[in-house]
Amino acid sequence: MPPRKPIRVLANSTDIIQALSERGSLSPAELAEIVGVPRPTAYRLISGLNSVGLTETGADSRVSLNLRWLHLADSALAAMTEWNASREILDDLVEATEQTAFLSVPRENEAVCIDWAPGRGIGVLILKPGRTLPYYAGAAGRTMLAFGQESEAYLAKAPFARLTPSTLVTADELRVDIGRTRVLGYAFSDEDATVGIGALGMPIRSSAGQLLGCVSIGGLAGDMHAHRDDFLAALGDAARRLAEHATTQGRRA
Amino acid sequence: MSEEVDIDDGRDIMSKAGAVVAALETAGELTAAQLAELVDEPVSSTYRLLQNLATIGWIEPGSSRGRFRLGVFFIRVGAQLEDSIDVRRAALPELRKLRGETGWTSFLCYRRGRRGVCVERIDGSNVRSLAMQIGDSLPLYAGAAPQALFAFLPQAEQHALLDSFQADREPRRFPVPSRDLLERTLEKTRDHGYARSVEDVTLGIAAFATPVFNHRGELAAAISVSGLANSLLADEPRIVRLLREAAATTSARLGFLEGAAVAAS
């Protein structure tokens, strides 16, 4: 078993980083309260994070994230070499559909967007690199719920918070959706994550059938209905190319 | 009492975690053995550290067994930080300073398609030029700030825009210069690091502009100063130095690293 204390130090530091990323700069006292540690502990955690260049303390003694996080995020993205053809494939998808295209990967019961290409008409901003959708909502989330491994464990946490009047929130509703998504081979998000916005998502799977990610397009719900068949053809093509690239990259490494 | 132990423990762990992050930031992917060497720890305790870091999402398995890379956590936090960065807010103190130290009007402009748009303006005390109020725009070939935006665009985009301006034959308030002249102006702007406009927008008015870059080295905006041509030209070296400082400070606030490659080059 890993020792307890280091985990706590790292977990508390992660909480500090999370709080700073959500709320901007904070005072050590505010951070102590948010993380739930005594002030002297908060000061030590902050000085540890400052010393490795992850946070910085300003002249007003407020703490904020170091701008190095911008570069760390780019490095983390670049290291995901299995997806390094995604930009071209997403651009082709936008070319074919004029919708906003997304590539997401499954992490901790969320679809985390790692690349996107904005559509011609409107940019759909609910997903963007670094933004997430829960597994129960949106095309990317529900694709991952249907084609991932642990859907029942996830459904045990239902009911979920409603995002729009159309959000599926109970385990039963989601079970039906999982079945339908598996049969169809794609998820159709009809205003269940954002009112007025629709999306289509398809899984990207390894040759062994393991879920690697999801490619999806989003736009006005009416367009998704009107052009569904054409969009699915383009999406299927993108999913196949992404899967091919991801598996050959994996083998080469 | 036991608090003291906790301190050393915590600092020690954080410095090792920081070393792992820095190593992966540079290398992309590394094995546990390579990380152990870089952190200067036995492989067994490095494994424990890596397990911990994987648990909190800082690292994740890489493209093949036994290799690690930075976790999606970094992408999430970096994206949130990027969303919170506001170019206007980053530039505003510098615009005020420019206005204070030169007495002339300072501007912040973004590129929007084929035009440069004024998004911030601090009026000078002597002359109030009517051109480029907030929300006004100029074609990218006219005026100092638009020209700075034009000159520091990535080459492919710049060429596409040059083509599109030349193809455009309808009469305009600001006639399109010949391609030759325009290319020379852009080249000069890149070489000198600032754009220079003398009475090409308003008679009697000149302006200088410098480009602002974001953390990826992409062009984010241009900062400019405009005023009476004679006075401005007489004071050119000092104003340009102030503009360079303003652009460098604003770029640094956007995460631009000094010496990093600029996307246009």
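Tutor: Gladly! A residue is called buried when its relative accessible area is under 20%, exposed when over 50%, and partly exposed in between, with a 1.4 Å probe and protein chains only. This is a predicted model, where local features need pLDDT of at least 70, side-chain atom pairs count only at pLDDT 80 or more, and totals for chains, interfaces and linings use all residues. Residues are numbered from 1 along each chain as its sequence is written, chains are lettered from A in the order in which they are written, and side-chain values use heavy atoms, without hydrogens and water.

Student: How many disulfides are there over all chains?

Tutor: A disulfide here is a pair of cysteine sulfur atoms within 2.5 Å. For A:C214, the nearest cysteine sulfur belongs to A:C113, 9.9 Å away. Over all chains, the number of disulfides is 0.

Student: Is A:C214 buried or exposed?

Tutor: Its relative accessible area is 0%. By the cut-off of under 20%, A:C214 is buried.

Student: Which cysteine sulfur is nearest to that of B:C109?

Tutor: B:C109 counts as buried, at 1% relative accessibility. This cysteine is in no disulfide, and a sulfur lies 5.0 Å away, that of B:C118.

Student: How many charged residues are in the lining of the largest pocket?

Tutor: Asp, Glu, Lys and Arg count as charged, Ala, Val, Leu, Ile, Met, Phe, Trp, Tyr, Cys and Pro as nonpolar, and the others, Gly among them, as polar. The lining has 26 nonpolar and 6 polar residues. The charged residues number 14.
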